[in-house]
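Please examine the sequence and the model shown here before turning to the points below.

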Amino acid sequence: MGKAGHTFVRVSDTRPERTIVAMGGLSWEDSERRLLEDYVLGLTERERPRALFVPTAVADAADKTLWAYEQLGDRAQVTHASFFPWPPFGLRELALEQDVIFVSGGNTANALAIWRTHGFDEILREAWEAGVVLTGWSAGMICWFEASVTDSFGPELQGMRDGLAFLPGSACPHYDGEAQRRPTYTKLVVDGFPPGLAADDCVALRFKGAELAEVVSARAGARAYRVTASGEEQIDTRQLG
């Protein structure tokens, strides 16, 4: 009790855990895909999490959006955010009321440009800091980093340094799934590109804040790697299932 009968309340300095799960690429095997999805949904500790699907990188393709409802609908309360022809009213509120935000694969550079035009980049950061789990595969993996290897500008892979920068360094998805990913990424890093992390398909990297906390795999033999100018180092990986 303070002076004059006033009660002093100590304000907690705790904050929600900031979580990003960056997936190298989904599997077309339903059992493997569901293992990764269950891993992400399980981080929310809610029986039927609220999940927002963001398919901007595939220009809000209707078939991809329908796929998300069909794929996740038995385990989550699914909705989606479309940016064509314009974003939904109350976009910030929609994002902040979610437990998980899933970002699809597709054209990373296009998605980033659209998000920035409508302030969704800032909304995503706010959601992350509020404890909403951010996740995605391919474009939805690399968008969170400072830099990445992408095919956003054409069929030839290139380095891009224009990510959201929630996570430091660079990232490369599909490390075992596309023949040119490994040689392109390693050469870029040797030539001065920011070092970072590479993930095979079916692999997920979970970050607590900006620190890598765990790597999990839904497929035997699939791995993640630290890539520097000195070479690549395999990261310990926990097998799901």
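Histidine 174 is found in the loop between β8 and α7 (181-190); helices (H or I, at least four residues) and strands (E, at least two) are DSSP runs, numbered from the N terminus. The model is a predicted one, in which local features need pLDDT of at least 70 and side-chain atom pairs count only at pLDDT 80 or more, while totals for chains, interfaces and linings use all residues. Residues are numbered from 1 along each chain as its sequence is written, and side-chain values use heavy atoms, with hydrogens and water left out.

**Backbone features in loops**

- Although histidine 174 is not a glycine, its phi is positive, at about 50 degrees.
- Histidine 174 has a relative accessible area of 12% and is therefore buried (under 20% relative accessible area; exposed is over 50% and partly exposed in between, with a 1.4 Å probe and protein chains only).
- Glutamate 45, in the loop between α1 (30-42) and β2, is another residue other than glycine with a positive phi, near 60 degrees.
- Glutamate 45 counts as exposed, at 77% relative accessibility.
- Phenylalanine 84 and proline 85 are joined by a cis peptide bond with omega of about 0 degrees, and proline 85 has its place in the loop between β3 and α3 (91-96).

**The sheet of six strands**

- Six strands, in the order β7-β6-β8-β9-β12-β13, form an open sheet with mixed pairing; two strands pair if DSSP finds at least two bridges between them.
- Its edge strands, β7 (158-160) and β13 (231-235), each pair on one side only.
- Within this sheet, neighbouring strands are turned by 25 degrees against each other on average, direction ignored; the axes are lines fitted to C-alpha atoms, for helices over the stretch in contact, and angles run from 0 to 180 degrees between N-to-C directions.
- Three bridges join β8 (residues 167-172) and β9 (residues 196-199) in the parallel sense, and alanine 171 stands opposite leucine 197 in β9.

**The sheet of eight strands**

- Another open sheet, also of mixed pairing, has eight strands in the order β3-β2-β4-β5-β1-β10-β11-β14.
- At its edges stand β3 (77-80) and β14 (238-239); each has a single partner strand, so one side of each lacks a neighbour in the sheet.
- Strand β11 (residues 211-217) pairs with β14 in the parallel sense over two bridges, and the bridge partner of valine 216 in β14 is arginine 238.

**Helix α4**

- Thr108, Ala109, Ala111, Leu112, Ile114 and Trp115 are the buried residues of helix α4 (residues 108-117).
- Among the elements that cover these residues are β2 (50-54), β4 (100-103) and α5 (120-129), where contact means heavy atoms within 4.5 Å.
- Glycine 119, with a positive phi near 75 degrees, follows α4.

**Aromatic rings**

- The whole structure holds nine aromatic pairs; rings of Phe, Tyr and Trp (its six-membered ring) pair if their centres lie within 6.5 Å, and planes under 30 degrees apart count as stacked, over 60 as edge-to-face and the rest as tilted.
- Phenylalanine 145 and phenylalanine 207 form an edge-to-face pair, because their ring centres are 5.7 Å apart and their planes stand at 80 degrees.
- This pair links distant parts of the chain, 62 residues apart: phenylalanine 145 is in strand β6 (residues 145-150) and phenylalanine 207 in strand β10 (residues 203-208).
- Phenylalanine 145 is buried at 1% relative accessible area, and phenylalanine 207 is buried at 3%.
- Phe53, Trp67 and Trp137 are linked into a cluster by ring pairs.
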